Amino acid sequence: MISQTMQDAINEQINKEMFSSYLYLSMAAYFENTGLPGAAKWMYVQSGEENEHAMKLFHYLVDRGGKVALKAIATPQAEWAGPMAAFVEVYAHEQLVTKSIHDLYEVALAEKDYATQVLLQWFISEQVEEEKNAAEIVDSMKRIEAHETAVLQLDHRLGKRGND
Ligand code: FEO
């Protein structure tokens, strides 16, 4: 049986993953309105992945005999100063999520919850990937921001993202 402390902390993380999904869905809407369908597609895929992260934790709690307690999801921002600002926020947000996963791991260590530590190792590796992907797009944006044709080419590349 999972401890109350661990259960509460996982429920908090489920909410953060759901908020991430909502935030990226909001960015998808922003990119649709901005005429960058490739970036919108990237955000739809990212939003779906965040939902999967939430569900991974959800099912884990159920498997451990815990109780899922869903909380209200905060309203995400809807407008950004430009494509660059949106991707800078993706990167900053992923860094926050990484910190939150590390904090959760600290709880699992303190609770001597070995099963949760194993589960969280997957999330820790996933965050390395998430930060890397966002940082790469920010770097590309920085180089091409002033060149509309190059922005459209990058949009085309982002639109090729599959459901990985
Ligand atoms: Fe679920 Fe992007 O972290």
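User: What lines the largest cavity in this structure?

Analyst: The lining of the largest cavity consists of L36, A39, M141, V151, L154, D155 and L158. This is a predicted model, in which local features need pLDDT of at least 70 and side-chain atom pairs count only at pLDDT 80 or more, while totals for chains, interfaces and linings use all residues. Residues are numbered from 1 along each chain as its sequence is written, and side-chain values use heavy atoms, with hydrogens and water left out.

User: What makes this space a cavity, and what makes a residue part of the lining?

Analyst: On a 1 Å grid over the protein atoms alone, a cavity is a set of points where a 1.4 Å probe fits but cannot get out, and lining residues have an atom within 4 Å of a point. The structure holds 1 cavity of 30 Å³ or more, and the volume of the largest cavity is about 30 Å³. That volume is the space filled by probe spheres set on the points, which are joined across faces, edges and corners.

User: How is the lining of the largest cavity divided by residue type?

Analyst: The lining holds 6 nonpolar residues, no polar ones and 1 charged residue. Ala, Val, Leu, Ile, Met, Phe, Trp, Tyr, Cys and Pro count as nonpolar, Asp, Glu, Lys and Arg as charged, and the others, Gly among them, as polar. D155 therefore counts as charged. The largest share of the lining, 4 residues, comes from α5.

User: How many helices and strands does the protein have?

Analyst: The protein has 5 helices and 0 strands, where helices (H or I, at least four residues) and strands (E, at least two) are DSSP runs numbered from the N terminus. The order of elements from the N terminus is α-α-α-α-α. Along the principal axes, the C-alpha atoms fill a box of roughly 55 × 25 × 25 Å.

User: Why is E130 called buried?

Analyst: Buried means under 20% relative accessible area, exposed over 50%, and partly exposed in between (1.4 Å probe, protein chains only). E130 has a relative accessible area of 5%, so the residue is buried. E130 is found in helix α4 (residues 114-144). Leaving aside neighbours within four places in sequence, E130 is in contact (heavy atoms within 4.5 Å) with Q46, E49, E50, H53 and E94.

User: Why is S20 classed as buried?

Analyst: The relative accessible area of S20 is 0%, so this residue is buried. S20 lies in helix α1, and beyond its neighbours within four places in sequence, S20 is in contact with E50, H93 and V97. For the whole protein of 164 residues, 45% count as buried.

User: Why are L96 and K112 called exposed?

Analyst: L96 is exposed because its relative accessible area is 59%. K112 is exposed because its relative accessible area is 59%. L96 is in helix α3 (residues 83-110), whereas K112 is in the loop between α3 and α4. K112 has a positive phi of about 55 degrees although this residue is not a glycine. Just after α1, G35 takes a positive phi of about 80 degrees.

User: What makes R161 buried, and where is this residue found?

Analyst: R161 is found in the segment after α5 (148-158). Its relative accessibility is 11%, so R161 counts as buried. Not counting residues up to four places away in sequence, R161 touches K41, W42, V45, Q46 and E49.

Notes: 1 Å grid on protein atoms, 1.4 Å probe; cavity = no way out; pocket = protein on both sides within 12 Å on 5 of 7 lines; lining within 4 Å.
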